[in-house]
Amino acid sequence: MLTILTMTIDRIEPVPLQEHVFKLHLSDGTVIRTQDYVIADLGLYPGVQMDAEKLQQLQDAAGLASAKNRAVRIISASGVSKRELERRLTQKGETVQDAKAAVEWLSDLELLDDAKTAEQLVRSAVCKGYGRARIKQILFEKRIPEEYWEEALSQVPDMDDAVDKFIRQRLKGRDPDQKELKRTIDALLRRGHSWSDIRAGLRRYSDSLDLEDTYE
């Protein structure tokens, strides 16, 4: 005859500094953290008997709630793609199943859209003065599907002003020597600007600069 193990919820207490999050202390020493709505949905309170089925139900609901809550925090802090959000959730310890469910949940609420995220990332990169190459790298790093790149990159304006501003701030009116000139060029290349745009910017700064063959 099988013995069905049961336990009791000894107490439920709020987690300090985490609104709507509570700890459930079970009689076997298990502690489960979850949202208040999970506790309400499952009708849990101190003294409730928990068999294996009820415990699994609680653990599943708590896991999904954790993934959803963490997903909301991540997208509130920065623009991420669906793939990137799923990766970050699993990296933080959420299960693959809960991570996928949280991503689908946000997508259904129209709070997660790869096309809009791509446009947001491009606008942010342009404001920072990055060139197209660096912007493409950002889209790649954020795991934006390539099908959304072209439309998002169409928003990138002529970057002459960004190049000119960087050169002026870097050189501050000086006539740079070759070492300083190379450092300036390398910095602009790292920011994703093409050599042709950099060369044109340096010519606008000063037509007397000696741009050696190594830069051509």
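How are α8 and α10 oriented to each other, roughly parallel or oblique? This is a predicted model, where local features need pLDDT of at least 70, side-chain atom pairs count only at pLDDT 80 or more, and totals for chains, interfaces and linings use all residues. Residues are numbered from 1 along each chain as its sequence is written, and side-chain values use heavy atoms, without hydrogens and water.

**View 1. Helix α8 crosses helix α10.** The axes of α8 (residues 160-171) and α10 (residues 195-205) come within 9 Å. They cross at roughly 55 degrees. The two helices are therefore oblique to each other (angles under 35 degrees count as roughly parallel, over 145 as roughly antiparallel, 65 to 115 as roughly perpendicular, the rest as oblique). D160, V163, D164, I167 and L171 of α8 meet D197, I198, G201, L202, R204 and Y205 of α10 (contact means heavy atoms within 4.5 Å). By class, six of these residues are nonpolar, one is polar and four are charged.

**View 2. Helix α3 crosses helix α4.** The axes of α3 (residues 82-91) and α4 (residues 96-108) come within 9 Å and cross at roughly 140 degrees. This pair is therefore oblique too. From α3, the contact uses K82, L85, E86, L89 and T90. From α4, it uses V96, A99, K100, A102, V103, L106 and S107. The classes are seven nonpolar, two polar and three charged.

**View 3. R134 lies over the face of Y130.** R134 sits 5.3 Å from the ring centre (for Arg, CZ must be within 6 Å of the ring centre and within 35 degrees of the ring normal).

Notes: Axes fitted to C-alpha atoms, helices over the stretch in contact; angles between N-to-C directions. Helix = DSSP H or I, 4+ residues; strand = E, 2+ residues; numbered from the N terminus. Nonpolar A, V, L, I, M, F, W, Y, C, P; charged D, E, K, R; others polar.
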